[in-house]
Amino acid sequence: MSVIRNKQRLLHLYRYLMENTDEDHQITTNDLVQFLKQEDANASRKTVKDDIEVLVKEGIDIITTKSYYNSYFIGERTFEIPEITFLVDSIESNASLTEEKKQKIIEKLLRMLSKYQASKVRVSTAIRPNRGTGSEQLYYTVDRITEAISEGKKIEFQYMEYNISKEKVLCNDGDSVCLTPMVMMSGYDCYYMLGYDSEENGVGAYRVDRMLRTRMRNELGDPRAKEIDLDTLIDGLFGMQTGEATEVVLECANDMMGTIIDRFGIDADTWKSTPDSFYVKKVVCLSPAFYAWVFEHAGKIRIVSPVGVVNEYMNMLRNNLRNEKRK
């Protein structure tokens with residue numbers, strides 16, 4: 001047998017063990033000999049034993065169960081079942097990906113498990129309805145944004161939305177948007193890019209799957225983008241809507257503490273107000289999504305300060321009431 005054949009045999013053995021074994025599904029030495037013979041590889045019990053030793057020395061966690069006919073299985077993998085399950089579910093829920101792209105990524109992840117483990121993940125994760133969105137250009141766009149952030153350059157792209165007829169239309173009459181990309185992140189089942197707009201002197205959030213004809217410009221990014229505290233900005237986002245970063249104080253009913261921790265973290269600045277309520281102070285991005293979040297808790301969360309934010313919230317409520325009365 002040639003050296004190349006020996007190398008091929010090791011690869012075939014490794015792939016077979018990865019796909020067909022786990023703690024509950026072990027393969028004996030004789031099973032492996034038969035498999036390798038079917039693969040047209042000269043194999044014996046000794047060559048299987050030697051090959052297993054080589055793979056173990058190379059860092060593959062192959063567990064041997066000692067018996068008259070030794071059996072083997074892959075122990076620790078790069079990703080375990082719970083980790084793959086989390087990843088599969090996050091991919092399945094992402095509306096920025098087309099259904100075809102989702103399935104390709106998921107199948108790649110599942111190949112890191114045995115076929116038996118992969119079957120468990122498929123059964124335990126929910127298949128989301130196809131919303132008919134997602135972008136075929138997503139990979140290209142992500143690549144261009146990544147390149148621009150790495151090189152500190154600006155990007156240019158067209159942005160699209162849907163009209164009343166559910167047709168894709170370009171925003172701003174098709175004029176390109178030019179800004180300094182800062183970071184990409186998942187949020188609300190979609191993939192977004194935060195970018196600094198030099199003309200508006202502020203940060204905007206854009207869905208990556210709605211960015212078209214993205215290209216990196218031969219122009220350095222705006223240095224003001226680096227002055228922005230990204231952690232504080234991201235922490236204060238609601239519904240991925242950007243707005244003026246403002247420190248607000250909220251008064252919350254005691255049973256809202258879990259909600260506040262979920263939204264602002266365990267280290268949020270809180271203190272007692274009354275026996276039935278407490279205060280929380282936080283920097284948030286003022287946006288309709290923030291006010292909607294306050295409203296959805298049916299009076300259990302109240303804006304205390306600053307006064308301008310309280311007035312803005314009240315004006316929004318009044319406008320909504322007027323619109324309802326006109327119907």
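## Aromatic contacts and charges over rings

The charged end of Lys101 sits over the ring of Tyr139, 4.2 Å from the ring centre. This is a predicted model. Another charge over a ring involves Arg263, which lies over the face of Phe238 at 3.9 Å from the ring centre.

The structure holds 11 aromatic pairs. Among them is Phe264 with Trp293, an edge-to-face pair. This pair links distant parts of the chain, 29 residues apart. Phe264 belongs to helix α9 (residues 257-264), and Trp293 to helix α10 (residues 288-295). Phe264 counts as buried because its relative accessibility is 6%, under the 20% cut-off. Trp293 has 10% relative accessibility, so Trp293 also counts as buried.

Tyr291 and Tyr313 form a stacked aromatic pair. Tyr291 lies in helix α10 and Tyr313 in helix α11 (residues 307-326), so the pair ties together parts that are 22 residues apart in sequence. Both Tyr291 and Tyr313 are buried.

The geometry of these two pairs is set out below.

| Pair | Arrangement | Centre to centre | Angle between planes |
|---|---|---|---|
| Phe264 and Trp293 | edge-to-face | 5.7 Å | 70° |
| Tyr291 and Tyr313 | stacked | 5.8 Å | 20° |

Which residues form one aromatic cluster? The members are Phe238, Phe264, Phe290, Tyr291, Trp293 and Tyr313.

Terms used: Residues numbered from 1 in each chain as written. Predicted model: local features only at pLDDT ≥ 70, side-chain atom pairs only at ≥ 80, totals over all residues. Heavy atoms only, no water. Phe/Tyr/Trp six-rings, centres within 6.5 Å; stacked < 30°, edge-to-face > 60°. Helix = DSSP H or I, 4+ residues; strand = E, 2+ residues; numbered from the N terminus. Buried < 20%, exposed > 50% of the residue type's maximum accessible area, 1.4 Å probe, protein only. Lys NZ or Arg CZ within 6 Å of the ring centre and 35° of its normal.
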